[in-house]
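Colleague: I am new to this structure and would like to learn how to read it. Could you take me through a few features, one by one?

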Amino acid sequence: MKRLNVGSSNKILAGKLEDLFSGKRTDLKSLLLEVRGVLTDLQTQNEELRRAQIQSEALKRKYLDLFNLAPVAYFSMDMDFVVKDVNSTAEKLLRRKRNRILHHSFASIVTPLYLNVFSSYKQKIISTRKKQNCELKLKRGDGKEFYSLLESVPVLNENGMIVEIHTTCIDITERRQSELKKQAKLIQTSVENMLDPFMILRAVKNAQGEIANFTFEYINEAGCKSSKRIKEETIGKKILEIFPDFKSNGLFDEFCKVFRTGESSTLKTHYVAPAENGSGFYGFFDMRINRLNSGVVVTWRNITEKIKAEERISYQSQLLANVSDAVIVTDESLNIVSWNKAAENIFGIKAVEVLGINIFEINYDISNPEKLEEKFRHLKEKGYLSTQEIFYSQDASRKILDSVIIANYDSSGNIKGFIGIIRDITDKVKAEEQVLREKKRLELLTEIAEIFASVTVDIKAVANYTTQKISDSYGDLCIIHLISKDKPEFETLAFHHPDKKAMDFLAKMFSSDPMSIGEGVIGRVIKSEQPVLIPTINSTEDIADIKTGYVKYMDKFGLSAFLGVPIICQNSIIGVLSLFRSRKNESYSIEDQALMQNVANKVSLALSNHRLFIEKLNEIEERKIAQDALASQQQLLQSVLETIPVGVWIIDKDKNKILTNAAARKMWSGLDHSDFNASEEYKSWPAEASGECVELYSWASENALNGEISLNDEILIQCFDGSYKTILNSSVPIIKSNGQIQGAIIVNVDITDRKSYEVKLQQTLIELERSNRELEQFAYIASHDLQEPLRMVSSYTQLLEKQYKDKLDNRAIEYISFAVEGAKRMQSLIIDLLKYARVTTRAQAFETVDCNLVLKEVISDLKMAIDESQADITYDNLPEVNADPTQIRQLLQNLIGNAIKFHSSKKPLIKISAKFQKNEWIFSVEDNGIGIDQRHYERIFMLFQRLHERDKYTGTGIGLAVCKKIVERHGGRIWPESQLNVGTKMLFSIPA
């Protein structure tokens, strides 16, 4: 009989009766039987309902007992956190009657300081609909407060909406007080151990309520040291009694202001205590003042040294800004961090435009930027660079820059930046060039004078020589015209042009169209009997009287300037010496005119006394150039010595110090120059010796002063601060031109860090050797001890199958098969791992290997696999390589074996070849198999990385890892070229 609930039974009964009264059913007997059955069900269900109500009442009583007797306070609240129910524990905890809690918001018992925390807690519960925890401070009915831990769980209906919130509450006041005590103790310990002074002052008010003084309530150890007073002399005393000057210098008023307003104050103050006071408060201070309850908290820091350092830095910055040389500082990536005023003037770029920019990104033009970058690479490697570059600024002016650049190292020896000192030597170079030009001109004049003085007959040869020398010196056309004695025209005595085509053109012009006296620009010289200089010729209109032949010359070769000087003999003009320039934007100077006039005088007169004068002038000029060069070298040497990172000593023959550089002074603990040179406390030992220290001059200079050179002697020195350093010492004698020794140069290089690195490297090598021995031991265990248990498991499992086969069901036989297969896979894995380890641990020496013979052996070994797959293998002639023969054989066997294994439905076609490329042989094993997805190119060379299921392709996933290790041991590389479902080409290289 189907069981119905009360509601459905009542409906059925009502339906039966309705059928009876409506006349729908006439079989009264059967209908009564059905009604009786329904009534019986109703009675049974009523009985069950009564028992359920009894059980529910019992459970409710138990719940109320548990609810009221629970050891924690329990609250039931609605969505607005209005209390609907509480247990008796909550009444005791809050010390409030039940009616004072029910129907009140839970927020009414939260202390004001924690209302924001409680609001966030409510929002978190409503938004997450999950259990949440929170610590709050609550109020009891007697006004006392306590810390509590709340845990709230939202109750959800079938739609997931919150209908009620159940919350437990535990008093954690003792735990919080314990934590606060620990925190207070920790804070007190931290404050006591603070490096900065710290004190707490309590305000003392007078009868009018005004602050009259402050009393010391606490001062830490740093504060006692700063004030030079112990705590017993300070705590409880009034501050104006100990430091009366606080009233006059405004500090006391600042304390009062902070106390009144509650606003913190940070100030820098300068305080000097009277001598009789004995206080430690003097100098500059950074002070911070905060309000604290009935007083103030004061911390301060003595920044006197910092102020002095800032003043020194400011002075140095002003000094740097006003030096005439550009000083540029960059970081290790050549990004500019400092650019002084001189750099702005030289490069024409403001500092704000370049700071933070890479030095190669500056918008200027260097004559050879590629060469400059190469020099910077050299700088990073060597740490020092001296260079001279031609620079074109933004206004297109040409400058010549002389640079000294050094690397700036940190304490670990790493480059942290670069410092460049750049000097504009344009004027100096121009002056030198001018001197050289003058020298060249004087040499030219002297040489011409000598030739004219020595030759008195062959004037034509002398004239040809003169024009050639002048033309070669200037690169221009030079002509000597003489007035003809018989005709009113010029005779071309000699001419020369560096261009042969121009020479041919002029030869035809002079022979076919001689120049008349007074014609053209040369005629101007004849008429005026004075030099004629035309600095700029842009067109024939600039020189209207130019000869017709020169118009053609100008059109063909160009003409930009003219210089002509008269040749005078015995107060009469006999000819013209002229220069024609073809280069644009260049002209002749007054100096050129004077030189040509001198040449003309030599041509006409050949004055020997003038030649003597020129030689004397040349000697004076050379002496001046030599003196300037010497002064420049001395200045550069001093700059280099002060910037190079090695210590340099220069001593005289009596072992007296003449000079030490900055690196030497720093190496001996950074004393300044005077103290360093005055000190005699130099202690040193040879690196391999011990015991008595060696006098500095014995090892540093004895050999050099005897004429010997000592290089890289290791010396252990004791610095002035007591520390020790290891240095490389080198010394060379300073020898005069007469062979006498006048002193020595000693160079110290600090190698302390390098020696430390060598010790660490040696320890690393020892550890590596130990690790390799452990690896060999592991390989031995893998080849013997690990394989033996696997063979035993496999053998006994197979015996179990053989002897009890009739007694085992199919599932047991299948399990045995799985165990045997697993043991075999484990054994294969160990063998392959052993092969991988032996690539380096059992490697053989390299020898000449004929790869053709190795390949034939490999094909023979793989014959069974080749026959089963019907693979077709072809190969080219392979080279001989310097390699480990066993590993080359293993490499080819693995790659060809993979090509056979991973074949497609097509017949396997495998080709092995090699080609020579860039000092190495590139081998390839190509197949038409299933191919490899490009995403897995790197993965296939990793240990245990398989791309296919084990039941589809055998193997452990180690083969290609072994191949990679073999190739890398030979100094090569290995990589695939593949396409899915088309084939794979595995390539590897072996150095030739």
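This is a predicted model: local features need pLDDT of at least 70, side-chain atom pairs count only at pLDDT 80 or more; totals for chains, interfaces and linings use all residues.

Colleague: Let us begin with salt bridges. How many does a search of the whole structure find?

Modeller: A salt bridge is a side-chain nitrogen of Lys or Arg within 4 Å of a carboxyl oxygen of Asp or Glu. The search of the whole structure gives 22 of them. One joins the side chains of D85 and R98, at 2.4 Å from N to O. This pair links distant parts of the chain, 13 residues apart: D85 belongs to strand 2 (residues 83–86), and R98 to the loop between helix 3 (88–94) and helix 4 (115–128). Helices (H or I, at least four residues) and strands (E, at least two) are DSSP runs, numbered from the N terminus.

Colleague: Where do the partners R202 and E217 lie?

Modeller: R202 is in strand 6 (residues 198–205) and E217 in strand 7 (residues 211–219), 15 residues apart. Their side chains meet at 3.0 Å, N to O.

Colleague: What does it mean to call a residue buried or exposed?

Modeller: Buried means under 20% relative accessible area, exposed over 50%, and partly exposed in between (1.4 Å probe, protein chains only). R202 counts as partly exposed because its relative accessibility is 33%. E217 is partly exposed too, with a relative accessible area of 41%.

Colleague: Which residue forms a salt bridge with K341?

Modeller: That is E344, with the closest N and O atoms 3.6 Å apart. K341 and E344 are three residues apart in helix 11 (residues 341–347), so about one helical turn separates them. K341 is partly exposed at 41% relative accessibility, whereas E344 is buried at 14%.

Colleague: Which residues are linked in a network of salt bridges?

Modeller: The network links E714, R754, K755 and E758. K755 sits in helix 25, and its 27% relative accessibility makes K755 partly exposed. The C-alpha atom of K755 is 7.7 Å from that of T726, although the two are 29 residues apart along the chain.

Colleague: Which residues of helix 17 are buried?

Modeller: In helix 17 (residues 520–528), the buried ones are G520, V521, I522, G523, V525 and I526. Just after helix 17 comes E529, with a positive phi of about 50°. In helix 31 (residues 959–969), the buried residues are L960, A961, V962, C963, I966 and V967. G971, with a positive phi near 80°, follows helix 31.

Colleague: Where is H103 found?

Modeller: H103 is in the loop between helix 3 and helix 4. Its phi is near 65°, a positive value in a residue other than glycine, and H103 is exposed at 66% relative accessible area. N919 also has a positive phi of about 65° without being a glycine. You will find N919 in the loop between strand 32 (909–917) and strand 33 (920–927).

Colleague: Which residues form the nonpolar patch on the surface?

Modeller: Patches are made of residues with over 30% relative accessible area and no salt bridge: like charges are joined within 9 Å, nonpolar side chains (Val, Leu, Ile, Met, Phe, Trp, Tyr) within 5 Å. Here L761, L765 and L768 form one, with about 280 Å² of accessible area together; such areas come from the Shrake-Rupley method with a 1.4 Å probe, and for residues only the protein chains shown count as cover. L761 lies in helix 25 (residues 752–783).

Colleague: What lines the second largest pocket?

Modeller: On a 1 Å grid over the protein atoms alone, a cavity is a set of points where a 1.4 Å probe fits but cannot get out, and a pocket is an open set with protein on both sides within 12 Å along at least five of seven lines; lining residues have an atom within 4 Å of a point. Here 26 residues form the lining, and Y409, D410, P645, K666 and D750 lie nearest the centre of the pocket. Among the elements giving two or more residues to this lining are strand 15 (398–409) and helix 25.

Conventions
Residues are numbered from 1 along each chain as its sequence is written. Side-chain values use heavy atoms; hydrogens and water are left out.
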